[in-house]
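Hi everyone, thanks for coming. Please take a moment with the sequence and the structure on the screen, and then I'll walk you through some of its features.

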Amino acid sequence: MKKIVNTVMQTTLAVAFVLVSAAVPASAQQPVDLTQAAEKALPSVVHIKYVQNSKIQTVEIPTDPFEDFFSDPFGGFFGRGQQGQGGTRRRQVQTPKRTATGSGVIISKEGYIVTNNHVVDGADELTVTLTDNKEYSARIIGADKTTDLALIKIDGRNLPAIEIANSDDVKVGEWVLAIGNPLGLNNTVTAGIISAKARTLGANSVESFIQTDAAINAGNSGGALVNCQGQLVGINAMLYSQTGSYSGYGFAIPTAMMNKVVDDLKKYGTVQRAIIGISGIGVKDKVDREKAEDKEPVDYGTMEGIYVAEVMEGSAAEEAGMEKGDVITEVGGQKVTQMGDLQGFLAQKRPGDKVSITYLHNKKKHTKTVTLKNEQGNTGVVKNADMDVLGADFREISKEQKEQLEIQYGLEVIKVNNGKLKDAGIPKGFIIRQVNDEAMKTIDDLQKIVKEVSTSKEPVLIVKGIYPTGRKGYFVVELQNE
């Protein structure tokens with residue numbers, strides 16, 4: 001059985017099928033009248049047209065190292081190519097014009113609209129059409145790739161804003177409606193139930209999806225998942241399907257997560273993300289995985305929680321005394337059994353917030369109150385930066401790393417998501433020493449150079465650094481949109 005996870009956006013070049021679901025059985029008895037919920041919510045769901053204009057783009061084309069040597073006997077072996085593996089040539093190509101469609105939800109009478117990041121990412125023009133066929137030009141207020149959410153704005157008054165409910169209150173088995181613009185069929189409503197909560201799929205770095213079997217197809221991305229009262233409980237975003245359309249389960253980003261992201265984008269321009277500082281897996285998931293790999297799993301009995309696979313240096317988890325092999329059972333007084341529970345809880349917090357953590361160490365229960373930090377290891381406000389395009393997280397190297405590698409400064413890549421660093425091949429653990437020949441001693445140094453280069457005529461970063469083994473590395477990072 002092969003799983004396909006995708007996003008729901010309809011495009012003229014390629015169709016990315018998102019949020020697909022199985023039909024409600026004909027025999028199912030509808031316990032409530034959903035017509036009022038549909039009538040209430042429909043005016044708040046909009047159609048979004050995306051346009052990315054044709055561009056001249058500079059690309060790096062690898063050359064054969066021996067060909068490069070004979071044309072330039074020194075350049076090919078002294079760092080011109082990525083990682084010193086031969087050379088590269090720059091070539092200008094013209095990208096085609098792209099158009100696509102998606103959905104969005106009006107959340108304020110002043111014209112704020114929530115949608116998916118993948119619906120608006122890279123757009124040169126955004127056109128929003130309401131259910132009464134009025135059209136508006138939209139601008140992006142902010143976007144967050146880690147949750148796949150974006151906030152856009154149109155200039156309007158007394159717009160039909162949807163009522164927002166607390167997604168933490170929804171229950172498995174509860175009826176919901178999915179509203180959007182699938183397959184070019186605007187203002188489409190489908191019904192189903194909530195089939196699971198706190199799902200993680202590995203598509204985004206922060207996930208705690210509501211799973212539904214309400215039928216959703218391409219073009220539903222960014223649309224509304226509403227309860228029987230017509231209140232918003234989620235933003236439709238992903239699918240689980242074997243065919244790419246209407247044969248699997250849909251996934252929505254809960255409003256509890258959405259509210260925090262929207263608030264941060266308005267206040268700071270970027271999301272203030274709090275972390276405990278662990279990587280882990282649900283105990284049950286760990287046992288199932290080990291069985292599937294024909295390993296002898298540890299007998300946890302009836303124990304439920306999150307197995308701690310790694311504790312980050314200087315993190316809240318380390319300060320709480322947690323170690324690899326411990327099991328987290330509660331955060332903030334809430335029971336957690338899977339990573340989706342933990343990510344959903346943390347997505348509503350900011351660095352500097354204090355929370356209680358209950359965990360088992362050698363089967364003994366410990367409860368500690370810790371201060372959450374950001375991914376840079378402190379509690380400060382992360383400034384709005386163009387660094388989101390890099391799709392990675394960084395921190396200044398530790399004293400131990402300086403001594404081990406015999407260097408005085410550098411920025412360690414601590415996480416790589418979808419973005420320009422991943423496209424360039426820069427891995428987690430790589431230590432950036434210089435960008436465009438400027439020393440990278442602090443996060444602000446990197447933020448400054450990215451901001452400067454992103455608005456230049458030639459938006460290219462030349463990244464030099466070393467791997468944890470001490471081997472030198474060289475990368476070319478193209479900042480232009482594809």
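This is a predicted model: local features need pLDDT of at least 70, side-chain atom pairs count only at pLDDT 80 or more; totals for chains, interfaces and linings use all residues.

**Helices, salt bridges and a charged patch**

Let's begin with helix H5, which covers residues 283–292, and in which Val283, Lys286, Val287 and Glu290 are the buried residues. Around the helix axis these residues span an arc of only 95°, so they sit on the same side of H5.

Next, helix H7. How many of the eight residues of H7 are buried? Six of them are, so this helix, residues 339–346, is largely enclosed by the rest of the structure. If you want to find them on the screen, the buried ones are Met339, Gly340, Leu342, Gly344, Phe345 and Leu346.

Now for the salt bridges. In general, side chains of opposite charge can pair when their charged atoms come close. Searching the whole structure turns up 14 salt bridges, and I'd like to show you three of those pairs.

The pair to start with is Asp155 and Arg139, whose side chains meet in a salt bridge at 3.4 Å, N to O. Asp155 belongs to the loop between strands E10 (149–154) and E11 (175–180), while Arg139 is in strand E9 (residues 135–144), so this pair ties together parts that are 16 residues apart in sequence. Asp155 counts as exposed because its relative accessibility is 58%, and Arg139, at 42%, counts as partly exposed.

Next come Asp264 and Arg350, which form a salt bridge with their closest N and O atoms 2.6 Å apart. This one links distant parts of the chain: Asp264 is in helix H4 (residues 255–267), and Arg350, 86 residues away, is in the loop between H7 and strand E21 (354–361). Is Asp264 buried or exposed? With a relative accessibility of 0%, Asp264 counts as buried.

Lys373 counts as buried, at 15% relative accessibility, whereas Glu319 is exposed, at 55%.

Let's move on to a patch on the surface. Which residues gather in the patch of negative charge? They are Glu313, Glu318, Glu400 and Glu403. Glu313 is found in the loop between strand E18 (306–311) and helix H6 (316–319), and at 47% relative accessibility Glu313 counts as partly exposed.

One last stop: Val172, back in the loop between E10 and E11. Val172 counts as exposed, with 55% relative accessibility. Between Val172 and Ile194 there are 5.0 Å in space, C-alpha to C-alpha, although the two are 22 residues apart in sequence.

That's my tour, and I'm happy to go back to any part of it.

Conventions. Residues are numbered from 1 along each chain as its sequence is written. Side-chain values use heavy atoms; hydrogens and water are left out. Buried means under 20% relative accessible area, exposed over 50%, partly exposed in between (1.4 Å probe, protein chains only). Helices (H or I, at least four residues) and strands (E, at least two) are DSSP runs, numbered from the N terminus. Patches are made of residues with over 30% relative accessible area and no salt bridge: like charges are joined within 9 Å, nonpolar side chains (Val, Leu, Ile, Met, Phe, Trp, Tyr) within 5 Å. Accessible areas come from the Shrake-Rupley method with a 1.4 Å probe; for residues, only the protein chains shown count as cover. A salt bridge is a side-chain nitrogen of Lys or Arg within 4 Å of a carboxyl oxygen of Asp or Glu. Lys and Arg count as positive and Asp and Glu as negative; His and the chain ends are not counted. The place of a charge is taken as NZ of Lys, CZ of Arg, CG of Asp or CD of Glu. The arc is that of the directions from the helix axis to the C-beta atoms.
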